[in-house]
Every structure is written in C-alpha cells, then in structure tokens.
Amino acid sequence: MTTVFELNDLYVSLKSNHKEIELVRGVSFKVAPGECIGILGESGSGKSTMGRVLCGLLKPGS
C-alpha cells in the first residue's frame with residue numbers, strides 16, 4: 001500500500017528547571033491516499049504539540 005504520510009514513534013519533551021517533562025510519547029500513524037484522519041484527545045494530551053512538529057515549528061524529541 002502506498003503511504004502519503006507516515007509518523008513513527010514521535011516523542012517530544014520539555015526541559016524545565018532541571019526536569020524533563022514528556023509532552024508526546026510514542027505516537028505513530030500512517031495516512032494512505034484518499035484517507036482522512038482526525039486527532040482526538042483530552043485537553044493537554046499533546047495534539048497541538050504534535051501538530052507543531054508536523055508543521056516543522058518544533059523539532060521531534062526537543
């Protein structure tokens with residue numbers, strides 16, 4: 001199957017006051033041609049952070 005977009009094992013963390021806080025942990029998905037996806041989750045679950053990584057505004061793992 002052809003994949004238009006693939007994300008594998010995305011991690012994003014924030015270092016603050018000598019502590020590291022995980023913002024996104026282990027997100028993976030594939031999008032095939034013609035597919036449409038939605039991202040759902042509770043407030044603070046990392047949806048916007050993941051979107052920033054996908055748009056190149058934030059580096060993965062940073």
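Serine 13 counts as buried because its relative accessibility is 11%, where buried means under 20% relative accessible area, exposed over 50% and partly exposed in between, with a 1.4 Å probe and protein chains only. This residue lies in strand β1; helices (H or I, at least four residues) and strands (E, at least two) are DSSP runs, numbered from the N terminus. The side chain of serine 13 makes a polar contact with the side chain of glutamate 20, at 2.9 Å. A polar contact is a pair of N or O atoms within 3.5 Å; within protein, one must be able to donate a hydrogen and the other to accept it, and residues adjacent in sequence count only if both atoms are side-chain atoms.

The model is predicted: local features need pLDDT of at least 70 and side-chain atom pairs count only at pLDDT 80 or more, while totals for chains, interfaces and linings use all residues. Residues are numbered from 1 along each chain as its sequence is written, and side-chain values use heavy atoms, with hydrogens and water left out.

The chain contains one helix and two strands, arranged along the sequence in the pattern β-β-α. Its C-alpha atoms fill a box of roughly 45 × 20 × 20 Å, taken along the principal axes. Of the 62 residues, 19% count as buried. Contact means heavy atoms within 4.5 Å; among contacts between residues at least 6 apart in sequence, 44% join residues at least 24 apart.

Helix α1 spans residues 47-54 and includes threonine 49. Threonine 49 counts as buried because its relative accessibility is 16%. Leaving aside residues up to four places away in sequence, threonine 49 touches Val12, Leu23, Val24 and Leu58. Thr49, Met50 and Val53 are buried in α1. These residues are on the same side of α1 because they cover an arc of only 100 degrees around the axis, the arc being that of the directions from the helix axis to the C-beta atoms. The cover over the buried residues of α1 includes β1 (5-16) and β2 (19-31). Just after the helix, glycine 56 takes a positive phi of about 85 degrees.

The largest nonpolar core has eight residues, namely Leu7, Leu10, Val12, Val24, Phe29, Val31, Met50 and Val53. At least two residues of this core come from each of β1, β2 and α1. A nonpolar core is a set of buried Ala, Val, Leu, Ile, Met, Phe, Trp, Tyr and Cys residues joined through side-chain atoms within 4.5 Å. One of the core residues, valine 31, touches Thr3, Val4, Phe5 and Ile37, not counting residues up to four places away in sequence.

Valine 4 lies in the segment before β1 and counts as exposed because its relative accessibility is 58%. With residues up to four places away in sequence not counted, valine 4 touches Val31, Ala32 and Pro33.

A search of the whole structure finds one aromatic pair. Phenylalanine 5 and phenylalanine 29 form this tilted pair, 6.0 Å centre to centre with 35 degrees between the planes. Phenylalanine 5 lies in strand β1 and phenylalanine 29 in strand β2, so the pair ties together parts that are 24 residues apart in sequence. Rings of Phe, Tyr and Trp (its six-membered ring) pair if their centres lie within 6.5 Å; planes under 30 degrees apart count as stacked, over 60 as edge-to-face and the rest as tilted. Phenylalanine 5 is partly exposed at 35% relative accessibility, whereas phenylalanine 29 is buried at 18%.
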